[in-house]
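The explanation that follows takes the reader through two interfaces in turn, one between chains and one inside a single chain. Please keep the sequence and the coordinates at hand while reading.

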Amino acid sequence: MPSKKTQIQKQLVAYSFIAPNFIGFAVFTLVPIVFAVALAFLHWDGSNPITWAGLSNFTDLLDDDQFKAALKNTIVYTLGTVPLTLISSLFLAVVLNQGVKGRNFFRTVSFFPYVASLVAVAAVWNMIFNPSKGPVNLFLYKLGFENVPGWAADKHWAMITIILFSVWKYMGYYMIIYLAGLQGINPELYEAANLDGTNAWQRFIYVTVPQLRPATFFVMVMLTIQCFKVYDIVYMVTQGGPGTATLVLVYDIYNKAFVSWNLGSASAVAMVLFFLVLTVTLIQFRGEKNMR
Amino acid sequence: MQITSKQTKTNTVILYALLFFCALIMLVPFAWMLSASVKLDKDVFGFPIKWIPDDIRWENYQEIWTTIPLLQFIKNTAKLTIIVTFLQLLTSSFAAYAFAKLQFKGRNLLFLGYIATIAMPWHVYMVPQFIMMRYFHLNNTHLSIIFLQAFSAFGVFLMKQFYEGVPDELCEAARIDGMNEYRIWAQIMLPLSKPALSTLTIFTFVNTWNDFLGPLLYLTKMELKTVQIGLRMFISQYSSEYGLIMAASVVSLIPVIIVFLALQKFFVQGVATAGLKG
Amino acid sequence: MRVSKKVISIVLILSLVVCSLFAAGTKEATPAAATGVTTLKWALWDIASTTYYEPLIKAYEAANPNVKIEMLDLGSADFMTMLQTQLSGGDSSIDVVTIKDIPGYNNLIKKNLLLNLNDKIKSEGVDTSLYGGTTDQISVDGNLYGIPFRSDFWIVYYNKALFDKAGVAYPTNDMTFAEYDDLARKMTSGKGADKVYGAHYHTWRSAVQLFGILDGKNTIVDGSYAFLKPYYEMVLAEQKDGIVQDYATLKTSSTHYSGVFYNNSVAMMNMGSWFIATLINQIDQGKADSKEWGLVKYPHAEGVPAGSTLGTITSLGVSNASKQKDAAFDFVKFVTGPTGAEIIAKTGTIPAIKTDEVIKIIASKPGFPTDAASSEALQVAKTYLEMPLHEKAAEIEVVLNQVHDEIMTNNIGIDAGLAKMSEQVQKILSK
């Protein structure tokens, strides 16, 4: 039975490991976050004295057109981006895993969208998808389509444009996760499946996909959080427009915090966002546990 | 594999075509960036897209150094990035070891607290954080950016996932041999975690190098500013010098690519093993 | 041929070396000015591309040797946001504040961040009548928190060479909107890369929406926007007929208004007077092809005299938390006064004090068009502020921008759009 003294000593050692990171984290990040959470129940504009708001910041949201549009758009965006990115990155990884030549080259290239400066990349994307002059629509015209999509300038297509852009940007990064996951699959499993006389598709469904479950889980959690927090991409590509077609929650938070300087209201929206993310993440965790 | 050789040939062709297409869509924006970086501002957004301009303006690459103090900005960004990356690697792996391998009170709660903060968008606590930094007189110092970026929850999360994949028996054996926890971390865990460390290096490097909002807010003195701020300086109230922005973007991309190429080998293994072992 | 990773790294490192060779002729970042007796910090934007900061500071420091002015560049894109963030929580490091737009100005007042200048104006004998009534437009209950030092107003730029080539008479200083539209249609010609557009509207809503307030009958914060209908109709028709480039294309291609003018692809363009200095400068540097150009006054509605236009003012204020308020106000008084105005005018920018002297200085700057009509275009009868001072200006602007975006991209009909605008703004006004 370890003595009380060694128990305490062990705890202290453990805390000493955490201390460097945690102290910095607590002081510079955790404290402001706690304050921001408190702000959801207060009125503050950054300069005048703080006053109590109770739940009024939240109840005001029920009648807030900007917030409602942002909530709907963020959910649509997440529902669109997560599956598409997942599938395309998985597909890319499977293809690259076939022992193709120049695999390293393709791997490096697919990482470029992630590391590139967003300013430059968004400008290019908008040029390529320019509704009247961009190569994409000109190509569609040639194919005979009369009504080409308005892409970023059309309220029905703007969100699709953002989703496509996001998939393009994230695809390479998550592909690498899947690629590595694929390399970790025991080849004996494939041999066994072969002996059973399965075709490539069946092997994919019954061997590859189940073996990749841990990877898929990681991808889904990180992607979901990333999607709920999207802002930079929307800011660069459509500025939340046309109208409010691509206004997302963090964009609304920015408007409330730095245009109207209603910091309490901004925090309230942030709390809604946070609980959404928490709920979805917990559901995913639960789902993963059940599948084991 | 019981496939006919003809099928293999068609499969391979399709495969390569697909890959080529994907590589193309990944690279087209870069081609455009390069092409735009040698054009006059008024020609950058011209249609139809002229991939090779009629007269190539190499002067753009000269002007970016004289219009804004770009060299100073790059020095600042490099300094910040290297310090932040180093601190991140050190403190994250240190803390992650405890979360993964040691038992202590409040372990799960603390970890949950870390993860929960990832879900918070930065704009929400930007103002309280700024006021606090200013109170500590950290405004307009590079230290402010370092403190903001070096202690992230993400780093701890990533390293912890990786460490969980290391067998407990290794640590147990070391303990029986009389090693204290610090030595275990330094001599066993750290060497084993090269892949994860490389991964974290790349992430932190890219994030800090491309960070815009932090430096914009905290570094208002000209001699402290970073490359991303420099890029925006080409967009003034009344004109946007996109030719110069693209040239400067190309230049600022080079260090990132170098780091990525250098760490690529470790990186892929690292990303894989983080959080994938069931 | 396989290119090994080593080779690629070497190439990259070499290119870095080459770049740093270029950088040998680098611009040194100047460290903060050494503290003399009093150092005033001035929050502003675009140090690199603004020509009047240096002369103003030099002149003031020469006349006041124990004062040093230190510039703080917060960037132009989000200047007011950055400024308010820097000032939040009681910051005292900034003394002189440049006020970029009205909604931001309004926010600063609401947050008690600006010094009430009434007392100083009286005690220092500042003559507010010099500012042509603009100080009244930015007073709140008779209290003034900023003094204008720059004013810009909207005019029409036109490309003389294109008009000569088409054999069409130049625009005049007295055009109605109908005449402007006609002229634009006459001047549109060609296809593809050779196309000349009769006019050009930049993607800011003020380029289109604010035609409607020029008859003085309505303001943009009224909450009822049916009066904008004829103007949107005119512009959308021009878009549809290819007289102007369409908003959607411009917005997604980040096209800057300057580029299309430099390229000789637009015949006329309505834009602010700040563009004069930039245009002259770019032609001088050989970066613009539109060497023959002129100015005329903004078009006017039927029955309204010519010379009414939109305007924006840039003002200077003193931070309420500054520890050197007296010294700061003295500098503000200098920049916004007649001496400052002349220095600003000499750089081709239009100061807030628009006397005949000042107009003459601007019109005689090398590169400014030499015809009489162009200097006459600088005489403005009445200026309407782009965004009037209003408590909810910032929030209203968000709605105005969103709906303008929708109307111009044809995502909503004009009537439905204006109704939506009215409804949403009224909601904001009634809160």
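Buried area here is the accessible area, taken with a 1.4 Å probe, that two parts lose on being put together, summed over both parts. The model to which this is applied is a predicted one.

We begin with the interface between the chains. Chain C and chain A bury about 2,400 Å² between them, and carbon and sulfur atoms account for 45% of that area. On the side of chain C, the residues C:Lys111, C:Thr252 and C:Asn411 supply 25% of the area buried against chain A, which is more than any other three residues give. In terms of contacts, 31 residues of chain C and 30 residues of chain A take part.

The polar side of this interface can be described pair by pair. Between chain C and chain A there are 15 residue pairs in polar contact, counted where both residues have pLDDT 80 or more, and the rule for salt bridges finds two across the interface. In one salt bridge, the side chains of C:Lys427 and A:Asp65 meet with an N to O distance of 3.0 Å. Several helices of chain C each supply at least two residues to the side that touches chain A, namely helix 3 (79-87), helix 4 (102-110), helix 10 (247-252), helix 17 (393-408) and helix 18 (414-430). Helix 17 of chain C gives the largest share of that side, with seven residues. By class, the side of chain C that touches chain A holds seven nonpolar, 15 polar and nine charged residues.

Between domain 1 and domain 2 of chain C the buried area is about 1,700 Å², with 63% of it from carbon and sulfur atoms. From domain 1 of chain C, the residues C:Pro103, C:Gln137 and C:Gly311 supply 31% of the area buried against domain 2, more than any other three residues. The contact involves 22 residues of domain 1 of chain C and 20 residues of domain 2 of chain C.

Across this domain interface of chain C the rule finds zero salt bridges, while seven residue pairs, both members at pLDDT 80 or more, are in polar contact. Helix 4 of chain C contributes six residues, the largest share of the side of domain 1 that touches domain 2. The residues of that side of domain 1 of chain C divide into nine nonpolar, nine polar and four charged.

Conventions:
Residues are numbered from 1 along each chain as its sequence is written. Chains are lettered from A and ligands numbered from 1 in the order in which they are written. This is a predicted model: local features need pLDDT of at least 70, side-chain atom pairs count only at pLDDT 80 or more; totals for chains, interfaces and linings use all residues. Side-chain values use heavy atoms; hydrogens and water are left out. Contact means heavy atoms within 4.5 Å. A salt bridge is a side-chain nitrogen of Lys or Arg within 4 Å of a carboxyl oxygen of Asp or Glu. A polar contact is a pair of N or O atoms within 3.5 Å; within protein, one must be able to donate a hydrogen and the other to accept it, and residues adjacent in sequence count only if both atoms are side-chain atoms. Helices (H or I, at least four residues) and strands (E, at least two) are DSSP runs, numbered from the N terminus. Ala, Val, Leu, Ile, Met, Phe, Trp, Tyr, Cys and Pro count as nonpolar, Asp, Glu, Lys and Arg as charged, and the others, Gly among them, as polar.
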